[in-house]
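Please open the model in a viewer and keep the selection panel at hand.

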Amino acid sequence: MKATATANANIALTKYWGKRDKKLMLPNNGSVSMTVDGMHTKTTVEFSPSYEKDIFIINGKEIGEGNAYDKTVKHLDLIREKAGIREKAKVMTENNFPTAAGLASSASGFAAITLAASKAAGMNLDKRELSIIARRGSGSASRSIEGGFVEWQKGEKEDGSDSYGVQIAPPDHWGFRMIAVITSTAQKKVKSTAGMAQTVDTCPYYKDWLATVQGDIDAVKQGIADKDFTRVGSTAEYNALKMHATMITTKPPIIYWNDATMRIMHSVMGWRDSGLESYFTMDAGPQVKIMCLEKDVGEITKRLKDIEGIEDVVLCKPGEAARLVDDHLF
Ligand code: DP6
């Protein structure tokens, strides 16, 4: 009853922001992402009668209480219920990137635990079922079950059975790259869950976000199909700015950017004007993900060295789907 899985993080090209059902984690709008190979989570789960309570160890540190522990137990409960088992579990998980700094650790984390725990509980679920369960842990995790370019379909049904991630292009489809630029590894002040709820409740422009997001999804999907970098990059950048506009105009305002975030955004716009085509996107944190073509990675990485306030740079290619592996963490 032990299994280990790895899952990659994903970065949204058109964002998920706002829920229509908080319990089932159903989104107000669909989204499209790229699963990224540079940032991943590895998780081992073992169910055993010898555990008196669920044990959760993240990056070598036992988390015995609090939000992260409660969410993990809740997720294990979902899987136990589906598998018809009662044993408590030991969960050991490792991220190769900073946790909770707006770098999608919950996406790779819940994708990995879903796959490892369902297997450890004796189930062989297909990707649709895995994505639906991963979604219950964190919405964006529904997209990390698949590799390459993925659409999380909003779905219409009340039970959420049609709200899951579907691959729209495989990892080797084209030379689209993301350079994750880390400007702070501090834990973010407002987590996505709280930030999006506050936006839905108080932002006067949220309705405009919802009115325009499907157009962005259609444009990004067509752009990916046509390998049209300009279309994908420009639509993704604008979509991110629209989402941040809704965050900035909630009450109280949520501003995730720092000085370095702004410097990078302005640099990317300047590079573009001078012929080095690149775009940026940001999530619920100060990191900037630069979108570019493979041929320009070297030049962009070189130029980033001159920008003040950058802590780390992670080059990301389109990554593979979540998968089971043999080498357990314990
Ligand atoms: C800004 O999936 O972290 O990164 O569903 O509440 O766990 P919960 O939120 P989460 O939100 C991600 C928001 C985003 C945009 C995106 O990845 O689509």
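This is a predicted model: local features need pLDDT of at least 70, side-chain atom pairs count only at pLDDT 80 or more; totals for chains, interfaces and linings use all residues.

Residues are numbered from 1 along each chain as its sequence is written, and side-chain values use heavy atoms, with hydrogens and water left out.

**The ligand**

Next, display the polar contacts (pairs of N or O atoms within 3.5 Å). A polar side-chain atom of Tyr 16 is 2.6 Å from a ligand oxygen atom. For a side-chain N or O atom of Thr 193, the distance to a ligand oxygen atom is 2.7 Å; for one of Asp 283, it is 3.4 Å.

**Helices α1 and α3**

Select residues 67-83 (α1) and 127-137 (α3), whose axes come within 9 Å and cross at roughly 150° (axes are lines fitted to C-alpha atoms over the stretch in contact, and angles run from 0 to 180 degrees between N-to-C directions). The two helices are therefore roughly antiparallel (an angle over 145 degrees). In α1, show Lys 71, His 75, Leu 78, Ile 79 and Lys 82, which meet Glu 129, Ile 133, Ala 134, Arg 136 and Gly 137 of α3 (heavy atoms within 4.5 Å).

**Helices α5 and α6**

Finally, select residues 206-226 (α5) and 229-248 (α6), which pack at about 160° with axes 9 Å apart. That makes α5 roughly antiparallel to α6.

Key: Helices (H or I, at least four residues) and strands (E, at least two) are DSSP runs, numbered from the N terminus. Angles under 35 degrees count as roughly parallel, over 145 as roughly antiparallel, 65 to 115 as roughly perpendicular and the rest as oblique. A polar contact is a pair of N or O atoms within 3.5 Å; within protein, one must be able to donate a hydrogen and the other to accept it, and residues adjacent in sequence count only if both atoms are side-chain atoms.
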